[in-house]
Amino acid sequence: MDLQIAILLGQDGITTGAIYALLALALVLVFAVTRVIFIPQGEFVAFGALTLASLQGGNTPATLWLLLGCGVAVAAVDGLAAVRRGDARRLVSILGWNLAYPLALAALFYASQPGAMPMLLQILVALAIVVPLGPMIYRLAFQPIAEAPVLILLIVSVALHVTLVGLGLLFFGAEGTRTPAFSDAQFELGSIMISGQQLWVVGTSALLIAVLYLFFGRTIYGKALRATAINRNGARLMGFSPVFAGKLTFLLAAFIGALSGVLIAPVTTIYYDTGFLIGLKGFVAAIIGGLASYPLAAAGALTVGLLESFSSFWASAYKEVIVFTLIIPVLLWQSLTSHHIDEEE
Amino acid sequence: MSKPDSRPASIALPATEPVAGRRFAGFAPAHVLVAFLLLVSLAPVVLPEFYVTLLNYIGLYALVALGLVLLTGVGGLTSFGQAAFVGLGAYTTGVLTASPDLPGWLAWAGGSPWLALVIGLLLTALVALLVGSLTLRLSGHFLPLGTIAWGISLYFLFGTMETLGGHTGLTGIPSISIFGWELDEGREIFYLIWVFLLAAVLTTRNLLDSREGRAIRALKGGMVMAEAMGVNTSRSRMVIFVIAALHAAASGWLYAHMQRFVNPTPFGLHIGIEYLFMAVVGGAGQVWGAIVGAGIITVMKQWLQDWLPKLFGASGNFEVIVFGLMMVVILHRARDGVWPLLAKLVPVRGQHIEVDATAAALPRREMPARGERILEARKVTRKFGGLVANNDMNLHVEAGEILALIGPNGAGKSTMFNQLSGVDTPTSGEVLFRGKSIAGHASREIAGLGMSRTFQHVKLLPKMSVLENVAIGAHLRGSGSVVPAAWRLERGEEARLIAEAAHQIKRVGLEEYMHEEAGSLALGQQRILEIARALASDPCLLLLDEPAAGLRFKEKEALGELLSKLRSEGMAILLVEHDMDFVMGLVDRVVVMEFGQKIAEGLPEEIQKNPAVLEAYLGGVE
Amino acid sequence: MNTIAQPVLEVRDLCVAYGKVEALTNANIRVGEGQIVTVIGPNGAGKTTMLSAIVGLLESKGQVAFNGRVEVSPDVERMVAGGMSLVPEKRELFGEMSIEDNLLLGAFHRYRTGKRDHAETMNEVFELFPRLKERRAQQAGTLSGGERQMLAVGRALMGKPRLLMLDEPSLGLAPLITREIFRIIAELRKTGVSILLVEQNARAALAVADYAYVLETGGVAMEGPAHDLRDDPRVIETYLGLGGKHQDMLAT
């Protein structure tokens with residue numbers, strides 16, 4: 001291997017590592033706030049990418065129908081409860097978000113040509129379709145069992161993953177897609193060539209991480225989410241409801257997932273089931289961060305990205321084995337260094 | 001006018017009340033089992049080929065799910081990686097029986113499926129020990145993620161190693177023959193699969209109903225309790241991990257010889273996930289739940305594959321979508337799985353453990369001489385960050401005396417208790433038990449030396465009977481291990497352990513609740529149960545954390561008598577207590593703590609007159 | 001009977017059971033506008049259980065009327081939004097966050113409903129607890145026991161509650177700090193907030209309160225104006241769980 005190749009591999013590693021970092025952050029957040037190990041995180045990546053591709057192909061993405069379906073279900077469940085309590089204001093907001101919003105999006109497709117929109121608008125529309133699925137899924141799948149043991153939450157999470165992958169195949173078919181790059185620019189840095197898309201991925205990831213950092217460090221809602229992760233009961237006593245925390249967390253996770261999908265769609269081919277492995281590597285990164293520390297998780301993500309790209313060069317057949325085996329020594333080191341009296345909840 | 005029912009109302013028996021003894025109490029368990037076995041053995045004779053194949057798959061899956069019931073449902077360790085162990089069993093036999101040219105050093109092992117089974121199981125045990133020693137130390141949610149990691153790694157290895165045939169796999173695997181009988185049809189291998197499965201179910205049940213089994217079941221009650229009763233919890237975790245892996249490998253072996261070829265697909269993470277679904281849907285704590293879960297999921301998938309394309313057309317894989325949704329719904333509706341619901345439909349008479357009164361008593365420890373210093377704390381200080389929870393504490397307990405440690409809420413008594421029992425280590429100072437420092441020793445070693453304790457927040461296994469809970473206390477007084485327990489070869493020792501537990505239960509006055517679930521007892525009785533459990537270990541020092549809390553007056557009296565009697569036998573007792581009436585009438589000496597320090601020590605009468613103590617209890621603000 | 005025309009809080013026949021074990025049976029409590037009411041009693045009498053049930057952390061049977069609105073099953077978010085604030089026995093601080101952030105989150109429900117006066121309220125809290133101001137950037141987890149309690153009370157005050165419920169504020173604190181905490185409780189009376197104070201430290205609690213209830217294994221055993229109960233030997237007896245033979249202990 002010469003320096004040229006090493007630099008190329010390094011670039012690849014950093015690009016994918018940036019995506020893993022985003023996913024790791026989302027996974028850490030979801031686990032800390034809701035105790036859910038969110039296996040379907042990767043499906044949001046795939047849905048984001050494939051929804052965008054479908055828009056660009058001039059079609060109405062099938063995820064819109066999923067949004068409508070979930071909206072109807074949530075509106076039915078929550079709306080009924082609001083009617084029973086006679087809470088008219090809540091009923092309006094429930095119907096607005098869960099029925100009127102998806103219908104308005106559907107009307108947009110009826111009225112306009114998504115294929116002809118500028119790319120930025122297409123991206124926004126794709127996010128507008130996929131991101132609200134996060135809180136809806138929390139409402140339907142996790143809110144009823146929010147107090148259940150972690151194992152049950154995990155199994156439900158896995159069952160959702162199975163369902164969403166199935167839906168992915170139904171919606172988008174078995175064929176992979178690659179969307180056009182955001183920019184065709186190529187930069188030359190000495191002997192190194194950097195593509196504009198790679199800069200987009202790394203730059204957006206860095207920006208998003210910075211925004212999240214500010215959100216958690218500076219805003220009261222961000223602080224309230226952190227507080228829930230630190231002490232659920234304490235946060236409840238401040239009037240921060242666990243239901244709201246759950247929905248907000250899933251909204252963020254869905255946003256991070258879908259945006260990651262949009263970012264990497266021009267770099268790698270995305271299939272309906274690609275999300276799972278990407279999500280799992282986000283997990284490896286999150287585990288390196290101990291499912292608790294955000295900066296460590298981000299560092300872990302870069303390590304995973306680099307390891308993956310270099311091992312694909314040296315031993316491409318064993319690429320996945322190497323990445324997933326890496327987790328074990330890390331876990332071991334963690335459990336040896338963190339000594340505590342192990343006790344049940 | 002003179003109808004028979006015109007008797008005076010006062011002597012009329014209400015017609016709805018069943019006459020005692022004639023009420024249907026459920027079927028005898030043995031009858032239900034025989035009926036089930038009959039149904040199973042008739043199945044291949046009467047059912048068409050398709051259903052026999054389905055039952056074969058159910059049997060294979062149930063074998064793996066059974067391992068998960070033990071690992072996840074009973075032991076609380078979640079694994080997504082079981083499919084990889086199935087693959088290990090399948091590939092081992094595949095390579096050994098189907099490869100035309102084994103390398104020289106392996107040639108001796110080729111050709112025989114039965115030899116391959118043995119080798120596969122040994123190899124699996126070895127891999128499980130290795131993987132387990134790396135990942136089982138992980139607590140809580142790290143473990144399932146760790147299992148995903150090695151599950152995926154092994155799966156990719158199957159697909160990439162050339163000797164294993166890559167993604168196309170291995171073909172030409174022979175069928176199994178038993179004494180010349182070739183099991184080359186589904187109807188024939190059916191019997192082998194179900195014999196394996198039923199043997200596994202029965203041995204697992206036997207194991208759970210034994211000394212080792214109780215230790216395994218105690219894992220879910222928290223490590224602190226199990227270790228304090230002398231259970232080596234890391235060993236117990238490893239035991240169930242290896243057993244679960246062996247079940248999976250056996251299933252893989254059967255699978256390879258049923259299919260006659262192997263490729264990596266059935267050993268991937270997705271199948272590992274399905275196995276976990278089966279265990280959880282069946283009822284993750286129930287051995288029979290494994291069969292129910294495997295049955296439900298296999299049939300459900302088959303049914304969805306058959307019907308959904310007819311309803312929605314062939315495009316898309318609706319069965320996966322509906323399957324996932326159904327899993328979510330099942331878990332929302334029946335968090336404990338389906339088996340408990342089924343068990344209600346077929347009432348089986350409850351069976352409780354027989355106590356053999358004739359069993360020989362267990363050998364007892366030689367009690368230390370009266371007046372010997374059993375436990376001593378020297379200048380114990382414990383800091384948590386900036387908080388000093390214990391400051392320079394000195395105290396000691398002698399054989400044949402009761403010492404009370406009292407003080408207002410938050411005085412640091414619980415922290416002190418943790419230092420004394422070896423759960424926590426002092427920041428400075430030392431704790432001596434029978435003259436030896438206990439710093440750095442595991443709780444179970446300290447338990448072995450004769451220290452036993454109860455817990456302030458009762459730590460029982462609520463679903464286990466009172467008798468079994470107490471028997472956990474006697475863990476270190478037996479030695480019966482896994483294999484003898486699975487095949488019921490340790491019944492002599494087991495009877496002695498159970499008899500000892502029953503004896504301690506009688507001693508504390510709980511005999512009428514012996515076969516009740518521990519969780520159904522009132523809180524005060526649960527505390528007494530903990531004392532019986534502590535006594536079952538034959539200790540020379542008892543540490544009791546608020547034993548009288550929640551007891552009624554009569555119960556307190558009885559407890560006081562019991563403790564006095566133990567004292568007269570030479571037992572050393574330290575108790576932390578709030579009930580002053582109870583303490584003052586019973587104990588020999590009192591140590592009073594406030595703000596982490598000792599503020600008074602002496603005879604009960606002295607303590608009651610001590611102004612500093614009065615101040616501490618009634619509050620110091622004028 | 002605590003005779004007040006318009007109680008802020010009225011609890012009727014409140015029962016809580018953990019599985020089959022009853023922890024609280026038929027508790028009846030009233031707190032009037034601007035009153036300090038204390039509930040004292042020995043360990044395990046169900047004091048903490050009662051507060052948790054009132055605020056809605058625990059499921060209960062019976063009736064809780066807050067601000068005249070009857071709640072059959074109280075819900076934490078609704079109670080907090082209505083102006084009820086609980087300082088729990090375990091304090092439940094956000095250990096890895098700064099003092100300032102802990103306080104800010106105390107005003108969360110006000111912020112959410114558009115009342116964004118947290119900066120002023122925080123200054124008021126800092127006036128009450130100057131020590132917190134000095135250490136405003138310090139992490140809550142590194143504070144000493146007394147400072148933690150001050151932060152917990154301060155955080156509860158950030159929500160400008162109508163009813164402040166304090167669960168064992170003196171728990172594990174040195175006498176000097178306990179005195180300080182009780183001085184502040186007495187001072188809070190001026191702000192008009194009603195206080196429900198659960199305490200083990202009977203003397204201090206009775207000294208500061210208007211009205212008192214004595215809770216004994218599951219139910220209210222005695223009640224009356226605080227100054228009447230202060231010297232009642234039966235209170236002290238119940239409270240310490242002393243039988244007749246230890247009466248001499250009190251003579252000294």
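This is a predicted model: local features need pLDDT of at least 70, side-chain atom pairs count only at pLDDT 80 or more; totals for chains, interfaces and linings use all residues.
Along the principal axes, the C-alpha atoms of chain C fill a box of roughly 55 × 45 × 35 Å. In secondary structure, chain C has 12 helices and 10 strands. As for burial, 48% of its 252 residues count as buried. And if you take the contacts in chain C with a separation of 6 or more, 66% of them come from residues 24 or more positions apart.

Now, where does chain C touch chain A? The contact takes 19 residues from chain C and 15 residues from chain A. On the chain C side, the elements giving two or more residues are helix H2 (76–81), helix H3 (99–106) and helix H4 (108–112). The residues on that side divide into 12 nonpolar, 3 polar and 4 charged.

Last stop, chain B, and its helix H6, residues 186–208. At 1.5 Å a residue, its 23 residues should span 33 Å, and the end C-alpha atoms are 32 Å apart, so that agrees too. Which residues of H6(B) are buried? They are B:Ile189, B:Phe190, B:Ile193, B:Trp194, B:Leu197, B:Ala200, B:Thr204 and B:Leu207. Remember that an α-helix has 3.6 residues a turn, so residues three or four places apart point the same way.

Thanks, everyone!

Notes: Residues are numbered from 1 along each chain as its sequence is written. Chains are lettered from A and ligands numbered from 1 in the order in which they are written. Helices (H or I, at least four residues) and strands (E, at least two) are DSSP runs, numbered from the N terminus. A residue is buried if 20 or more other C-beta atoms lie within 10 Å of its own, exposed if 12 or fewer, and partly exposed in between; C-beta atoms are placed from the backbone. Two residues are in contact if their C-beta atoms, placed from the backbone, lie within 7 Å. Ala, Val, Leu, Ile, Met, Phe, Trp, Tyr, Cys and Pro count as nonpolar, Asp, Glu, Lys and Arg as charged, and the others, Gly among them, as polar. The expected span of a helix is 1.5 Å times one less than its number of residues.
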